Structures are given as C-alpha cells and as structure tokens.
Amino acid sequence: MTDLDDTDRAILRTLLADGSLSAKAVGEATGLSQPAAWRRIKRLEDEGIITGRQITLNAEALGYTVTVFLGVKLSGKGRVSLTDFERAVTAIPEVQLVQHVLGVYDYRLKVIAKDLSDFERILRRRLMTLPGVGEVESNVLLSSETQPPPI
C-alpha cells in the first residue's frame, strides 16, 4: 500500500472531479508545476492507484430512465457453468454490471431500460432465458448517491 500525502490526495480529488484534465491543469488546481504534477500522476498510475480515466455517459439522456438491480440465483438443475452464464449475460447491452456474489443469490446485475415495459421485455426475453437462471429478484432504483473511496 502506498502512503499518500496531502498533495497526492488533492491530485486524486481533482482527477475524480474531471479525469480529462491535463497535468498542467491538475498542477494549477493543486499548486504544483506541470512537470511536478505529471510526475506525481505518473507515479500514482505506476503504483496502480490510478487505473485509468473514463468518460461517463448519462443513461437518462440516452433514453434509459429505469435502473433495476437483479439478484440471480442459478438453478442446480443442468449444472450450468458460471462461465457460460457470465458469457451470456455480458452479451446483453442493457446489463451494465455483473457481480458474482456470496449470499442468497449467485449474481447481482445492474440493468438499464427505457421504461418499465422495456425492462419487462429484457427480463422475459433475454435474462430469464439465460443458461442456468433459476430465481430472480428485481429491485427498481429510486435514487442514488455515489462517492469515491476515502482519500
């Protein structure tokens, strides 16, 4: 584990707010020169603390207004492999997240849909027909607050 100083934390907070910033802009925001900011960003990347920069698409602006979390329990019948299920479920574009979990369900999925009838179509025609699907529990997202890990 890397020891982060206050400047490293400031750089991380700055990049979390806008990952597209240049080293010069990060330096200006954190009181560093462009070369010093670049060196620190490079070190944070080399140490695996920064693992990439990505854009975030606004699902609602793209017409996806419903988010549903599914708990999926695979059936014991047929002994489908986890790999077969994972391969099939990740091929569905509306499935945004696939997590293999320990507990009542085997998987937790995040699914987006244009509306509830679109979700029903996705559930009936795509998800329930996947190999090994037994029990499914749906939870419709009402609101969400996210925050990064503490830095």
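**View 1. Aspartate 8 of the predicted model is buried, with a relative accessibility of 1%.** The model shown in this and the following views is predicted. Aspartate 8 belongs to helix α1, which spans residues 6–17. Apart from neighbours within four places in sequence, the residues in contact with aspartate 8 are Asp3, Arg40, Arg43 and Leu44. Because buried denotes a relative accessible area under 20%, aspartate 8 at 1% falls in that class.

**View 2. Helices α2 and α3 pack at an angle of about 105°.** Helix α2 comprises residues 23–30 and helix α3 residues 34–46, and their axes lie 8 Å apart. The angle makes α2 roughly perpendicular to α3. On the α2 side, the contact is formed by Ala23, Lys24, Val26 and Gly27, and on the α3 side by Gln34, Ala37, Trp38 and Ile41.

**View 3. Four strands form an open sheet in the order β2-β3-β1-β4.** The pairing within the sheet is antiparallel. Strands β2 (95–100) and β4 each have a single partner strand and stand at the edges, so one side of each is left without a neighbour in the sheet. On average, and with direction ignored, neighbouring strands are turned by 20° against each other.

**View 4. Strand β1 pairs in the antiparallel sense with β3 and with β4.** Strand β1 covers residues 66–74 and is mostly covered, with eight of its nine residues buried. Seven bridges join β1 to β3, which spans residues 107–113, and seven bridges join β1 to β4, which spans residues 133–140. Glycine 71 has arginine 108 as its bridge partner in β3, while phenylalanine 69 has asparagine 139 as its bridge partner in β4.

**View 5. Threonine 67 is located in strand β1.** Threonine 67 has a relative accessible area of 16% and is therefore buried. With neighbours within four places in sequence left aside, threonine 67 is in contact with Lys110, Val111 and Ile112, and also with Asn139, Val140 and Leu141.

**View 6. Strands β2 and β3 pair in the antiparallel sense over five bridges.** Within this pairing, glutamine 99 has arginine 108 of β3 as its bridge partner. Arginine 108 is also the bridge partner in β3 of glycine 71.

**View 7. Helices α4 and α5 meet the strands of the sheet.** Helix α4 lies across β1, β2, β3 and β4 and runs at about 165° to β2. Helix α5, residues 116–127, packs on the sheet and touches β1, β2, β3 and β4. The direction of α5 makes about 135° with that of β3.

**View 8. Phenylalanine 85 and tyrosine 107 form a tilted aromatic pair.** The structure holds one aromatic pair. The ring centres of phenylalanine 85 and tyrosine 107 are 4.7 Å apart and the ring planes stand at 45°, so the pair is classed as tilted. Phenylalanine 85 counts as buried at 1% relative accessibility, and tyrosine 107 counts as buried at 1% relative accessibility.

Note on methods
Residues are numbered from 1 along each chain as its sequence is written. This is a predicted model: local features need pLDDT of at least 70, side-chain atom pairs count only at pLDDT 80 or more; totals for chains, interfaces and linings use all residues. Side-chain values use heavy atoms; hydrogens and water are left out. Axes are lines fitted to C-alpha atoms, for helices over the stretch in contact, and angles run from 0 to 180 degrees between N-to-C directions. Helices (H or I, at least four residues) and strands (E, at least two) are DSSP runs, numbered from the N terminus. Angles under 35 degrees count as roughly parallel, over 145 as roughly antiparallel, 65 to 115 as roughly perpendicular and the rest as oblique. Contact means heavy atoms within 4.5 Å. Buried means under 20% relative accessible area, exposed over 50%, partly exposed in between (1.4 Å probe, protein chains only). Two strands pair if DSSP finds at least two bridges between them. Rings of Phe, Tyr and Trp (its six-membered ring) pair if their centres lie within 6.5 Å; planes under 30 degrees apart count as stacked, over 60 as edge-to-face and the rest as tilted.
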